[in-house]
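Subject: Structure handover

Hi,

Here is the structure for your files. My notes follow below it.

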Amino acid sequence: VISSNLPALQVVLPLVAAPLCIILHNRILAWLLTVFVCLVSFGISCALLNQVLAENTITYAMGGWVAPWGIEYYIDKLTAYMLLIISSVAVLVSFGARESIENEIASDRIYLFYTTFLLNLTGLLGVIITGDAFNLFVFIEIASLSSYAIICLGKDKRCLYAAFRYLIFGTVGASFILISVGLLYVVTGTLNIADLSQQLANAENTATIKTAFVFFIIGIGIKAAIFPMHLWLPDAYTYSPSIVSTFLAGTTTKVFLYVLIRFIYSLYGYEFSFFNESFNYLLMITACGAMLYGSYQAIKQDSLKRLLAYSSIAQIGYMVLGIALITELGLAASLIHIFNHAFIKVGLFLAVTTIIYSYNTDSIERLAGMAKTSPLTFVLFLISGLSIIGVPLTSGFISKWYLIKASLEAGYWMLVPVIVFSSVLAIIYIGRVIEAAYFKPEKDSAISFDDSKKTPYLLFLSLFIFSFINIYFGIETSLNVDMAFQIAHELISK
Amino acid sequence: MGKVIDGTAPILTESSTLYSSPLPHVLILTAIVVGISTTALGLAIIIRIHTAFGTIEDDKIQQEIE
């Protein structure tokens, strides 16, 4: 019974556990429950991946109502790949979260952190797994609403303003997505994504279908923070509690990019999406804009979290670029980068979380000379930093290598200088942190290491695992690269 | 959108077989629920902004943040 209901359990389990955290009302028990549920979710996504590799696709009729009438959960390789990324990030982040959370969130609100964390996980997993366009919208809103709530849990009052801005942006995006789903329903009379794609292939190419497409792209663009629709992201990542920024940076934008890929390649079909309006050039320009703007802004920041937020905007540019190339290699490069960047950025943010835990600041200037007092943290920061630059033997190199190869293969050689230049800018912004920490003398007014706090062992362990993953997938790439190529092949040849 | 001409309300009875589509109502209801939750959360955040900053004027909050 369990193995046939895995797709439902993947989403229902964190959903049921979330209110349990409120009932438990105890921060240790809530933390244990969260880690346990994340572990089980991770186990389920591994099992689903195994099943998909054997059977190719799994469909699950929710409540026994068969598609296209009922809500269908649809799992192919792409779904399983994304589920694996999100659930593994969730396990490792929740595992390391406790020490930092007790430091950064008022103690009577800690159990609420775990509740919203699990709700957010429910939403993200649901967005990935669902095969129903309207259900997709509902899960997007579950994920978004819980992320607005989780951002305002911090002690810093600026997080409230950041969350409110995010709420306004996010609601505009969600409304656009809803309008798009509504228009598609009017044209085709169905909401099932597989059914929709068949109906759209036969339907006349009317203005309604095009309007729905544009609404959807704008809506998902806001949610995924694709340049120039990224304005909510820097504030939301900077002012929220560090563990929250860590989790959001590793998961939210990736999931919405997944939805973009699903819509462009599975639902509309890339011939419609790209060839009718030369839409891919538009995406390419925004991607290049994101890479240059994000990296340039990152250089100017003094706050480490803000620096990483702008770097995220640049990295989203890389992923969008891969999608816009419309080749198997390009799509594969994009998928590989989604996988690698999830772990790189979470690694970097966890290092910053550790720094904030020890020094109560993330200002680069004030951290001058601090590599002496906490050498391990900065070494682990450096490893993930090298990975985001794209140094060989790290996972970042693999994704950039395939992206450059894909741009050349598709004939857009002028993209290569942009990719390389953005990486050079990445050397500068990571280099600034390293320079300050290792080579600058300690300031007189420098903050001293807070000895009263215990070493955050779990946080260190989780940070260490992410650094290990960054190097592991720079050397042994059979898992993610092969998988990404298979997925890209299936999506393009469809 | 869901109305079928001469169709009855979508209730299973033996007297009629032609009925309007209930789906648009379900979708709109769900969208309303989502909208209400968003508004509620937004207002809750505004209350907390007022407690934290002592004002809900956008200009003053931005000044204070910078």
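The 26 positive and 28 negative charges of chain A have mean positions 9 Å apart. Lys and Arg count as positive, Asp and Glu as negative; His and the chain ends are left out. Each charge is placed at NZ of Lys, CZ of Arg, CG of Asp or CD of Glu.

This is a predicted model: local features need pLDDT of at least 70, side-chain atom pairs pLDDT 80 or more, while totals for chains, interfaces and linings use all residues. Residues are numbered from 1 along each chain as written, chains are lettered from A and ligands numbered from 1 in written order, and side-chain values use heavy atoms, without hydrogens and water.

Fold: chain A has 19 helices and two strands. These are DSSP runs, numbered from the N terminus (helices H or I, at least four residues; strands E, at least two).

The largest nonpolar core holds 201 residues. Such a core joins buried Ala, Val, Leu, Ile, Met, Phe, Trp, Tyr and Cys through side-chain atoms within 4.5 Å. Tyr81(A) and Phe113(A) are among the members that touch the most others. Helix α14 (residues 328–359) gives the largest share, 20 residues.

Backbone: Phe227(A) to Pro228(A) is a cis peptide bond, omega near -5 degrees. Pro228(A) sits in the loop between α8 (207–223) and α9 (233–239). Ala225(A) lies in the loop between α8 and α9 too. Its phi is positive, near 55 degrees. Ala225(A) is buried, at 0% relative accessible area.

Best regards

Methods: Buried means under 20% relative accessible area, exposed over 50%, partly exposed in between (1.4 Å probe, protein chains only).
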